[in-house]
Amino acid sequence: MDNISKSFSKNKFNKNKGIENKFNKNKFNEDLFSNIYNTIVDYNLIEENDLIAIALSGGKDSVLTLHALNSLQIDKNFIDFDIVAISVDEGIDHYRQHGLDAAIENTNELGVELIQTSFKDSFNYKLDDIHSYFKSGCIPCGIFRRNILNKTAYEIGADKIATGHNLDDEIQSFLMSFSRGDTFKFSKFGPKLNRIHPKLVPRIKPLWNVKEKDVGMWAIANNINIHFDECPYSSESLRSKIKGFLNKEEVNNPGLKENIMESFKKSFNIETKIANLNECKLCGEPCSADVCKTCETIKIIENSK
Ligand code: SF4
Ligand SMILES: [Zn+2]
């Protein structure tokens, strides 16, 4: 943990009273990393000799995941495992490069290997060129990114993919599925998704119990190089609307997000239908239908040109 707690010694001020409240950075870092550690141990996210591929966008969540897993990886008291990072350049001008720069800088600083991939290399499209064919740019973006991450992780023999999903992301996803009546997706929630097909690399979410605001605070307090920019397509998504709603309501009803998370955790006991995965008849990737979402998306793009 010490390698991430070097610089911040500013104090927080209580504006109402004019009293200086010391922000104890070391205590904050310790609590945050304990939270992540407990999720990893309680849910058995990392096993002996695992190779964990970290999905690294360069945003605050993925960069915290990188630092947290790196600190465990070099901790002699923890089990042996290895990490590698994968970045995906979606092709979003004036946005993505900042994240990629942060991914490069953080992996260099920690000595972690970074594998750089892109939509352009894999599919020959930039998101900027195809987003308008869809209701939201996030639709092809999520499908292509999942495809690239899974394929890359599978090719290098990774045992798991670690994503930066935090508590806020998880309840947003939960409410999105809820509002769509898509209870089947509930099986994709939780800090660890099991391997349901030999070619589908399981996912883990070490930040599952960490609030988004704490991730931001960690990055600022420790002078971590991340990109804070908002994706130009994010406002088109249902997620963004639900996020705005939750943030607004949390101000009026503090604790609302944690209450939703608690209700959500209870729902894990509901038996979820395990998907019977096939392989896509066009590309061979695992999928629940005859043709995978990636191939369907490519077809939409080709028909829209
Ligand atoms: S906000 Fe949407 S379009 Fe932008 S990077 Fe995220 S998923 Fe892709
Ligand atoms: Zn396919």
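User: Two strands pair if DSSP finds at least two bridges between them, and strands themselves are DSSP runs of E with at least two residues, numbered from the N terminus. How do you know that β4 and β5 pair?

Analyst: In this predicted model, local features need pLDDT of at least 70 and side-chain atom pairs count only at pLDDT 80 or more, while totals for chains, interfaces and linings use all residues. Residues are numbered from 1 along each chain as its sequence is written, with chains lettered from A and ligands numbered from 1 in the order in which they are written. Strand β4 (residues 82–89) is joined to β5 over 5 bridges, in the parallel sense; the requirement is at least two, so the two strands count as a pair.

User: What makes β5 and β7 edge strands?

Analyst: The open sheet has 5 strands in parallel pairing, ordered β5-β4-β3-β6-β7. β5 (114–118) and β7 (203–204) each have a single partner strand, so one side of each lacks a neighbour in the sheet. Helix α2 packs on this sheet and touches β3 (51–55), β4 and β6 (160–162). Helix α3 (residues 96–110) also packs on the sheet, touching β4 and β5.

User: Why are α2 and α8 called roughly perpendicular?

Analyst: Helices are DSSP runs of H or I with at least four residues; angles run from 0 to 180 degrees between N-to-C directions of axes fitted to C-alpha atoms, for helices over the stretch in contact. The axes of α2 (residues 60–73) and α8 (residues 212–221) come within 9 Å and cross at roughly 70°. Angles under 35 degrees count as roughly parallel, over 145 as roughly antiparallel, 65 to 115 as roughly perpendicular and the rest as oblique. The pair is therefore roughly perpendicular.

User: Which residues make that contact?

Analyst: Lys60, Asp61, Val63 and Leu64 of α2 meet Val215, Gly216, Trp218 and Ala219 of α8; contact requires C-beta atoms, placed from the backbone, within 7 Å. These residues comprise 5 nonpolar, 1 polar and 2 charged. Ala, Val, Leu, Ile, Met, Phe, Trp, Tyr, Cys and Pro count as nonpolar, Asp, Glu, Lys and Arg as charged, and the others, Gly among them, as polar.

User: Are α2 and α3 roughly parallel or roughly perpendicular?

Analyst: Their axes come within 11 Å and cross at roughly 10°; α2 and α3 are therefore roughly parallel. Val63, Leu66 and Asn70 in α2 meet Ala102, Asn106 and Leu110 in α3, a set with 4 nonpolar, 2 polar and no charged residues.

How values were computed: Two residues are in contact if their C-beta atoms, placed from the backbone, lie within 7 Å.
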